[in-house]
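Welcome, and thanks for taking a look at this one with us. Here is a short tour of pockets, helices and a few individual residues.

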Amino acid sequence: MLNKLQATVDIGSHSCILLIAAFEPDNSTPQPDETPVANESSAEQPAAPRMKLVPKLQKVEICRLGEDIYEHGAITESRIQELTKIMVKFRMDLHALGADLKAVAMTEAMRKASNPDQVIEAVEKAIWVKPRIITGEEEANLTFRSVKEWHGKDIVTIDIGGGSTELSNGNTSFSIPVGALKMFKAMGPIPGPEYKKFVKETFKEVSFKGMTKKSVYLIGGTGTALAMVFLNKPQFDYKSIEGLELSISDLDAVTTRITNLSRELRAMLPGLENGRSDVIICGLFWLKSLLEKLRVETFKISTAGLRFGLLYPPEN
């Protein structure tokens, strides 16, 4: 059944995301002329409509696995228990809606954890599907695929997570071990003078060849939070956020607005609940540095990402 609900879970360094979605006909896709052809017994049949992946339910739970990696190098028992509770909640949602869980992916925190087997076993027991730790390059490829399906292929995707950042142009994909949560643990909520040195050292090992001056799509919690604050949207609504175009001036304005607020007031802004207010400024600083390297003045927000890419069939 084409419209059967399918699901994925993305276990990141800062948050865990459940996606329940379905492939549905994309009625916006132009179809061939269906007028019958005279004097032809075997006229060409109209092409089947393109199928589009449509989200039905998305849930985000803060897990902060990256904090344990920064402080201990391993995921602690208490954090594993918190993660297990999140997975049980997700499993209940899956069963309530009759969704088929296709994949559970783990990213940067688990790539660095010294006790991955312990965490994998706990997650599998809670959600009944064995999670898989994916590489940074695979994460970048899947993220690009998810955005390409909605917006076309001549783009660059940036996925700023809690512990890493993935970039892809479809031909080249790579991961930088820098994320909003990781920066927050190293620099605090507002980066100081040391940030310039940090960026300079980080970019020494990174090449942006083939990625500059292209249409840029920002993925991940930093982008979603930025869009919600910019639009003053109290509730997540992917339709109003998807494809939103912002300029670097818009980014600067939002960054200044958030930075000038106290920690308590910052947490009251739309999209910055559940711990996002602690890490958002670091994420926005990092985003601006990336945009400057990509030599663009504007960028767009996409609510797609790894969780969507996991549902698409492999390309030939």
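At 51% relative accessibility, Arg295 passes the 50% cut-off and therefore counts as exposed. Arg295 sits in the loop between α12 and β11 (298-301), and its phi is positive, near 60°, though the residue is not a glycine. Please keep in mind that this is a predicted model.

**The largest pocket**
- The largest pocket has a volume of about 760 Å³, and its lining is made up of 37 residues.
- Nearest the centre of this pocket lie Ser15, Ile17, Val60, Gly221 and Arg276.
- Two or more lining residues come from each of β2 (15-25), β3 (51-62), β6 (155-160), α8 (221-231) and α13 (306-309).
- Helix α8 gives the most to this lining, with four residues.
- By class, the lining of the largest pocket has 11 nonpolar, 19 polar and seven charged residues.

**The second largest pocket**
- The second largest pocket holds about 390 Å³ of space.
- It is lined by 19 residues, and the closest to its centre are Asn141, Phe144, Lys148, Gly170 and Glu315.
- Helix α5 (residues 136-151) supplies the largest share of this lining, six residues.
- The lining of the second largest pocket splits into six nonpolar, six polar and seven charged residues.

- Why is α8 described as largely enclosed by the rest of the structure? Eight of its 11 residues are buried, so the helix is largely enclosed.
- The buried residues of α8 are Thr222, Gly223, Thr224, Ala225, Leu226, Ala227, Met228 and Val229.
- Asn232 follows α8 and has a positive phi, near 55°.
- Ile241, in helix α9 (residues 238-241), is in contact with Thr224, Ala227 and Met228, as well as Phe236, Ile301 and Thr303, leaving aside neighbours within four places in sequence.
- Ile241 has a relative accessible area of 0%, so it counts as buried.
- Between Ile241 and Thr165 there are 76 residues in sequence and 21 Å in space, C-alpha to C-alpha.

**Packing of α6 against α12**
- Helix α6 (residues 180-187) packs on helix α12 (residues 276-294) at an angle of about 105°, and their axes are 8 Å apart.
- Angles of 65 to 115 degrees count as roughly perpendicular, and α6 and α12 are therefore roughly perpendicular to each other.
- From α6, the contact is made by Ala180, Leu181, Met183 and Phe184; from α12, it is made by Asp278, Val279, Cys282, Gly283 and Trp286.
- The contact of α6 with α12 has seven nonpolar, one polar and one charged residues.

**Two further residues to look at**
- Gln6 belongs to strand β1 (residues 6-11). Is Gln6 buried or exposed? With a relative accessibility of 15%, Gln6 counts as buried.
- Not counting residues up to four places away in sequence, Gln6 touches Leu19, Ile20, Ala21, Phe23, Asp100, Lys102 and Leu311.
- Lys213 is found in the loop between α7 (194-203) and β9 (215-219), and has a positive phi of about 55° although it is not a glycine.
- Lys213 is exposed, with a relative accessible area of 58%.

Notes
Residues numbered from 1 in each chain as written. Predicted model: local features only at pLDDT ≥ 70, side-chain atom pairs only at ≥ 80, totals over all residues. Heavy atoms only, no water. 1 Å grid on protein atoms, 1.4 Å probe; cavity = no way out; pocket = protein on both sides within 12 Å on 5 of 7 lines; lining within 4 Å. Points joined across faces, edges and corners; volume = space filled by probe spheres on them. Nonpolar A, V, L, I, M, F, W, Y, C, P; charged D, E, K, R; others polar. Buried < 20%, exposed > 50% of the residue type's maximum accessible area, 1.4 Å probe, protein only. Contact = heavy atoms within 4.5 Å. Axes fitted to C-alpha atoms, helices over the stretch in contact; angles between N-to-C directions. Parallel < 35°, antiparallel > 145°, perpendicular 65-115°, else oblique.
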